[in-house]
Amino acid sequence: MQHDKVLILDFGSQYTQLIARRVRELNIYSEIHPFNKPPKNVDDYKAVILSGSPMSVRSEDAFHPDLSEIRGKKPMLAVCYGAQYLAHFSGGEVAESNTREYGRANLSFVEDNEAFLEGIQVGSQVWMSHSDTIKQLPENGKLLASTHDVQNAAYKIEGETTYAIQFHPEVYHSTDGKQLLENFLVNIANVNPDWTPNAFVQETVDDLQAKLGGDKVVLGLSGGVDSSVAAMLLHKAIGKNLYCIFVNNGLLRKNEFTDVLEQYKGMGLNVKGVDASARFLDALAGLSDPELKRKAIGKTFIEVFDDEAHLIQDVKWLAQGTIYPDVIESVSATGGPSATIKSHHNVGGLPDYMKLQIVEPLRALFKDEVRRVGASMDMDKDLLGRHPFPGPGLAIRILGDITAEKVQILQDVDAVFINGLRESGLYDKVWQAGAILLPVNSVGVMGDERTYEKCVALRAVESTDGMTADWVNLPYEFLQKTSNDIINKVKGVNRVVYDISSKPPATIEWE
Ligand SMILES: Nc1ncnc2c1ncn2[C@@H]1O[C@H](COP(=O)(O)OP(=O)(O)OP(=O)(O)O)[C@@H](O)[C@H]1O
Ligand SMILES: O=c1[nH]c(=O)c2[nH+]cn([C@@H]3O[C@H](COP(=O)(O)O)[C@@H](O)[C@H]3O)c2[nH]1
Ligand SMILES: NC(=O)CC[C@H](N)C(=O)O
Ligand SMILES: [Mg+2]
């Protein structure tokens, strides 16, 4: 069954992903594409949303895409930069505003009897983030809403299904933002909201069957949520032709290799555990630059999968649990308007010699959507509730070069922390937690003796998708006990600190 699709053209706003999420929360499928690389078949999309941007429409190099295939031809919603763009290049006027407007505002005027604003009243809170302001509406523009400081907070173009808003409906703080998106997508653009987890499973299984036929597929299984859900979908589609490989890269958590293999036994999957720890440690020897470490790990993963594929023989496909943020975070590498922050080991593509095609059934989903899909297949709650754990594992939590000894210290520290969270009932309240081994020794005193040992940082964050995150206010008593336990139980560590940085500006992992 075909679903209606919504196209989001990204001008580099940090909120673009949130637009996609909000739209999908309405059970409507949406895709983000860089404004300068729109999909070939714009006709496949039922409506288009233009994102905000760090750019000013007044600057000489302002992003200035050709919208002639879209504007007036299909429903379009322009947000922030998008709204300024429509005004600036179509007979209106955009100027620098006297005061930069960030944060909370309330609608002070709302046009009556307007389908776009149905259910939205004067007083509704909206979130602003702009320094330019629309002084004059474009040709045929009709004012729809204002705030105290922003006269042209929303407008439409008469004779088109084109709507524009200065504020951001995609952020939670715009309290009626979701309603506004629903008004636009469902009532104005007539998009059918039928994209649900159950529909996703059924369609994905059908698609996989059609695509893979009787081919053999290898899947990198990590014990994490994404690859496990991907494995279940593939298992439903092709059964015994799915060969799951769980690699011990020597950078997993304490006892994780055996525990995870045990856990998969009940799921009916064909899983092989491959211990390649020595190979990974060799590849990492002497490397301390984060990107070089990530690349070495990515390369070694590929080599291990390649060897395994040869052992199985006639394998045609490599399946991965890649999800949407992995894809989007790497988009700049393919020419998008945002910046590359980290090279994710699973998005780089495969070397030519492998001759395997890639299949990534979760490529379009966000993490919470993956969890919902897993739940709709009755997968184990504990598995679905697992904190994310990065493919490069502890290597990106040991700052500097990696040695077997450092890995062991960090495994022990991590185990004390994570078990402590579980025992205190805090594990499920935290989105992700882990420990970081710092390349710092500090002086301590233990049993009247001087020590000069390692310092570890603990990190626990709340998030919905890993794109933004805030540190968790863990109870002092918990931190106190954990710190004691770590220093008493783990030899070589004499100091524990807690990371209180949000993302942005920090990232979740330290490398
Ligand atoms: N130890 C591993 N063995 C085999 N494949 C792995 C391993 N670690 C990572 N991968 C592959 O890399 C992909 C990306 O890892 P990532 O950590 O983003 O996802 P995940 O482990 O499936 O889920 P989660 O984000 O919940 O940890 C995985 O889906 C999997 O295909
Ligand atoms: O599979 C992965 N391969 C990677 O290379 C990778 N780097 C970061 N992460 C995870 O992504 C989320 C966001 O992490 P950052 O804030 O550190 O970018 C967090 O959940 C991280 O654990 C990775 N996962
Ligand atoms: N969030 C945005 O799209 C901002 C648009 C533009 N850069 C401004 O500051 O006004
Ligand atoms: Mg993982």
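**Strand pairings, helix packing and ligand shells**

Looking across to β17, glutamate 462 has aspartate 470 as its bridge partner. This is a predicted model, so to speak of local features takes a pLDDT of at least 70, side-chain atom pairs count only at pLDDT 80 or more, and totals for chains, interfaces and linings use all residues. Residue numbers start from 1 along each chain as its sequence is written, while chains are lettered from A and ligands numbered from 1 in the order in which they are written. The chain has a mean pLDDT (the predictor's confidence in each residue, from 0 to 100) of 92, and 95% of its residues reach 70 or more. The scores for the model are ipTM 0.86 and pTM 0.76.

Back to that bridge: strand β16 (residues 449–462) and strand β17 (residues 470–471) pair in the antiparallel sense over 2 bridges. Strands here are DSSP E runs of at least two residues, helices are H or I runs of at least four, and both are numbered from the N terminus; two strands pair if DSSP finds at least two bridges between them. With strand β15 (residues 432–446), the pairing is antiparallel and runs over 12 bridges, and valine 443 sits opposite tyrosine 452 of β16. The hairpin of β15 and β16 leaves 2 residues between the strands, and glycine 447 there takes a positive phi near 55 degrees. With strand β18 (residues 493–498), β16 pairs in the parallel sense over 5 bridges, putting valine 456 opposite valine 496 of β18.

Elsewhere, 5 strands make up an open sheet with parallel pairing, in the order β12-β11-β10-β13-β14. Its edges are β12 (271–275) and β14 (357–359), each of which pairs on one side only. On average, neighbouring strands of this sheet are turned by 30 degrees against each other, direction ignored. Helix α6 (residues 256–264) packs on the sheet, where it touches β11 (242–248) and β12, and its direction makes about 170 degrees with that of β12. Within the sheet, β10 (residues 216–220) and β13 (residues 315–319) are joined in parallel over 4 bridges, with leucine 219 partnered by alanine 319 of β13.

Then there is a pair of helices. α7 (residues 277–284) and α8 (residues 290–312) pack at about 145 degrees, their axes 9 Å apart; axes are lines fitted to C-alpha atoms, for helices over the stretch in contact, and angles run from 0 to 180 degrees between N-to-C directions. Arg279, Phe280, Ala283 and Leu284 make the contact from α7, and Lys293, Ala296, Ile297, Thr300 and Val304 from α8; contact needs C-beta atoms, placed from the backbone, within 7 Å. By class, that is 6 nonpolar, 1 polar and 2 charged residues (nonpolar: Ala, Val, Leu, Ile, Met, Phe, Trp, Tyr, Cys and Pro; charged: Asp, Glu, Lys and Arg; polar: the others, Gly among them).

As for the ligands, ligand 1 is surrounded by 19 residues, the closest being Gly220, Gly224, Asp226, Ser227 and Gly321 (a residue is near a molecule or strand if its C-beta atom, placed from the backbone, lies within 6 Å of it). Two or more residues of this shell come from each of α5 (225–238) and β11. The shell holds 8 nonpolar, 9 polar and 2 charged residues. Around ligand 3, the residues include Ser13, Met55, Cys80, Tyr81 and His130. Strand β6 (residues 125–136) gives the largest share of this shell, 4 residues, and the classes split into 4 nonpolar, 7 polar and 1 charged.

Terms used
Two residues are in contact if their C-beta atoms, placed from the backbone, lie within 7 Å.
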